[in-house]
Amino acid sequence: MIRFIDFSRKYKRYRKQINSSVERVFRRAWFIAGPERADFEKNFGKYLGARYVIGVNSGTDSIAISLKAIGIKPGDEVITTSHTATPTVSAIRIAGAIPVFVDIDENTLNINPALIEKNINSKTRAILPVHLYGYPAGMAVIKGIAVKNRLFIIEDACQAHGASFKGKKLGTIGDVGCFSFYPTKNLGAFGDAGAIVTNDKNIAENARLIRNFGEVSRYKNQIEGVNSGMDEIQAAFLNWELNELNKWNRERAKIADIYLRELKNLPLKLPPLGNKASNRVWHLFVIQAEKRDALREFLKERGIETLVHYPTPIFKQEAYKFLGYKERDLPVTIKIHDRILSLPIYPGLNIHEVKFICNSIKEFYGIV
Ligand SMILES: Cc1ncc(COP(=O)(O)O)c(C=O)c1O
């Protein structure tokens, strides 16, 4: 059985670091807003080349708090895509704003920058590109549009730790970058955690206040806020994990190289490689196959677990039908959603397993 992700392998490999992180925090007996979080904020800022990092409870909170920190008000519009993880959109709603869905580019599956401008109106306040699967959104065009129309850019970099665009790490190109350290991520904790990244002092100060009930000093609330701190145990894990991130990204890239080489002559659409400007990381390896469900079933019979990110476009989810989108509004989103299939890719997945997956896919297409 090849699981889509297997945390027990990570625990076996890093048992010493994991156990000593927990022990260090317990010995200190300080669990919230402590030195581990402060260290991680400093270390992650250094890694990304960003001035301010604010550790929060999740990627969802990092987006919602960022939107509040830039002054988003109920009824303001935020441009994003419907082909993303639901939390991108829930976070916009938590902030009280209205998500405006722009269709995606068929090759990158990221927001299609050419379609953004016609969705801008007097209520638009921000563009929220998602660097989906670890591939950079078209930041050069997006930045130009944002400057011209005086909009904020909030990057959802929850799937793109370590990727860069024109030499700048994703999450540091817009006004704010948002990260998740959900266990499956390239930099994944062992629980929920997230971070807000910015070079803007005012935004950083607002975000720091909002994550802690708007408290400027003990029991003195200046603005309305929430309770969303990164806890000490997660921060302790992330402090040593950050030193492994580049290595883990290279391990993921090695797996991607095998997939790309072995699957290249099959009737599949393979994910974009990246180039000098768009230096991607591999969070997910997403192929597009016409007989997706049959292929998935075939792989399952061989003990290979795959997933679909994401099976239902958000605008079609019951919860978001009120936004009023029709299939014809987002044709590419509709076209790809029953073709996409995520193959296993994570540090610890071995080469034999990857080759077995490739051979099984070849077998499905009758090429062995
Ligand atoms: C693109 C994207 N945005 C936001 C999130 C939300 O992160 P979290 O699960 O940490 O709240 C995730 C991860 O789940 C994600 O993949």
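Predicted model: local features only at pLDDT ≥ 70, side-chain atom pairs only at ≥ 80, totals over all residues.
I number residues from 1 along each chain as its sequence is written.

**Helix α5**

I looked up α5, residues 139-149 (helices are DSSP runs of H or I, at least four residues, and strands are runs of E, at least two, numbered from the N terminus), and found M139, I142, I145 and A146 buried, meaning under 20% relative accessible area with a 1.4 Å probe and protein chains only, whereas exposed means over 50%. These four lie on the same side of α5 because they cover an arc of only 125° around the axis, taken from the directions from the helix axis to the C-beta atoms. On the other side of α5, I find V147 and K148 exposed. The cover over the buried residues includes β4 (124-127), β5 (152-156) and β6 (164-165), counting heavy atoms within 4.5 Å as contact. Just after α5, I note that R150 takes a positive phi of about 55°.

**Ligand site**

I then turned to the 14 residues around the ligand, of which G59, T60, D156, S180 and K185 come nearest (a heavy atom within 4 Å is required). For polar contacts, pairs of N or O atoms within 3.5 Å, I recorded a side-chain atom of S180 at 2.7 Å from a ligand oxygen and one of Q159 at 2.8 Å from a ligand oxygen. Taken alone the ligand exposes 380 Å², and the protein buries 91% of that, by the Shrake-Rupley method with a 1.4 Å probe.

How values were computed:
Heavy atoms only, no water. Polar contact = N/O pair within 3.5 Å; in protein donor to acceptor, adjacent residues only side chain to side chain.
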